[in-house]
Amino acid sequence: MFSKALPLWSGIYVSDVVVVNKISYSWHSNGRVGSFSLSAQRRETQVEDDKLWPYKQDLGSLSLNQFTDESTLFLKDLNSLPKPLSASELSFSSNGGAKARVAHQGVPGAYSEAAALEAYPKCETVPCDQFEDAFKAVELCLVDKAVLPIENFVGGSIHCNYDLLLQHRLHIVGEVKLAVNHCLLGLPGVRKEDIKRVLSHPQALSQCEMTLNKLGIVRVNANNTAAAAQIVAADGKRDTGAIASSRAAEIYGLNILAERMQDDSNNITRFLILAREPIIPRTDRLHKTSIVVTLEEGPGTLFKALAVFALREIKLLKIESRPKTECPLRVVNDSHNRSAKHFDYLFYIDFEASMTEPRAQYALGHLQEFAKFIRVLGCYPVSTVQ
Ligand SMILES: O=C(O)C(=O)C[C@]1(C(=O)O)C=C[C@@H](O)C=C1
């Protein structure tokens with residue numbers, strides 16, 4: 001199964017005769033690929049048919065299951081293939097990313113799709129079921145970039161994406177700050193007062209909590225905001241609405257019953273743009289650097305770690321701590337030892353400096369003295385709100 005898959009993947013990548021529409025991918029607990037599926041369409045067949053061997057049939061949708069240990073080999077082979085577009089070519093490209101394929105979580109009309117189009121107005125967006133599918137799509141060279149939400153200024157951080165950043169080897173090459181205007185959507189002919197329950201992404205529901213409380217509307221979680229709109233349109237229930245974008249209303253044929261449903265008018269979501277290769281920072285724009293670090297044990301290590309930036313007048317933009325997943329919590333037995341409980345944490349730090357600046361390089365060199373582990377996740381231009 002697997003060995004047959006390789007020519008197909010190479011075909012997608014090298015000859016560009018097919019276009020991938022939707023990807024879903026899942027890992028099994030033993031670290032191996034559990035299942036993978038994608039749907040693909042053939043582009044115009046300018047390439048002779050024998051180049052498509054062994055898949056001469058129409059590529060409606062296919063599913064590759066039971067991957068073997070050869071998956072490692074497969075990934076190695078993919079890495080040796082010519083790269084379609086480099087990160088530096090695409091980033092801030094004057095053509096609006098015309099040739100780029102950009103993966104995002106959710107169906108068309110999701111805010112993540114809007115963020116992808118904000119970054120690369122002419123790109124081809126590729127919807128993925130889960131956040132991790134978008135990471136894998138970039139790693140497998142099925143797309144050039146992925147756009148993932150990382151924090152909302154009201155709802156806070158999207159922790160699972162912090163964890164995924166460390167579990168995958170992609171580079172942050174940019175960020176997009178998107179003003180999110182949630183709308184209440186309903187079936188045509190339905191009034192706002194008729195809506196008794198709404199579907200949406202949990203983050204979106206939490207951003208509209210007070211407004212929904214006032215209206216006495218019951219909340220139901222959906223995979224993403226646009227999927228909620230899609231369900232409302234398909235189910236045809238007149239008492240059910242969706243919290244989603246105006247674009248989702250347009251795509252799924254719903255009416256906008258109310259706009260600005262969010263409790264805070266300053267409802268901005270920050271998205272990261274991820275790529276296989278880092279960008280070379282430019283000197284004519286303000287850059288930030290994102291790192292992840294775990295520190296040696298001992299008193300004041302976090303204080304010392306942060307001091308390396310303060311000493312060099314480097315502004316910290318964000319610090320997020322996450323429990324280490326492989327060693328989430330280490331508790332000293334209180335009955336034998338009166339010292340405090342210890343937790344092992346990963347600290348994700350964003351600071352305002354480019355890795356081309358000596359002060360940033362010295363700061364990271366200094367940080368290594370207290371760090372057990374440091375990884376630079378990316379150095380990229382600071383975005384302003386769109
Ligand atoms: O559901 C969507 O439309 C998404 O793109 C996801 C998401 C999120 O994960 O936070 C993105 C932006 C909004 O803050 C609400 C939802």
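Biologist: How do the residues of the shell around the ligand divide into nonpolar, polar and charged?

Modeller: They divide into 7 nonpolar, 8 polar and no charged, where Ala, Val, Leu, Ile, Met, Phe, Trp, Tyr, Cys and Pro count as nonpolar, Asp, Glu, Lys and Arg as charged, and the others, Gly among them, as polar. This is a predicted model, in which local features need pLDDT of at least 70 and side-chain atom pairs count only at pLDDT 80 or more, while totals for chains, interfaces and linings use all residues. Residues are numbered from 1 along each chain as its sequence is written.

Biologist: Which residues around the ligand come nearest?

Modeller: Of the 15 residues around the ligand, those are Ala110, Ser112, Gln203, Asn224 and Thr225; a residue is near a molecule if its C-beta atom, placed from the backbone, lies within 6 Å of it.

Biologist: Why are α11 and α12 called roughly antiparallel?

Modeller: Their axes, lines fitted to C-alpha atoms over the stretch in contact, with angles running from 0 to 180 degrees between N-to-C directions, cross at roughly 165° and come within 9 Å. Angles over 145 degrees count as roughly antiparallel, under 35 as roughly parallel, 65 to 115 as roughly perpendicular and the rest as oblique, and α11 and α12 are therefore roughly antiparallel to each other.

Biologist: What makes residues of α11 and α12 count as meeting?

Modeller: Two residues are in contact if their C-beta atoms, placed from the backbone, lie within 7 Å, and Ala305, Val308 and Phe309 in α11 meet Ala363, His366 and Leu367 in α12. By class, this contact has 5 nonpolar, 1 polar and no charged residues.

How values were computed:
Helix = DSSP H or I, 4+ residues; strand = E, 2+ residues; numbered from the N terminus.
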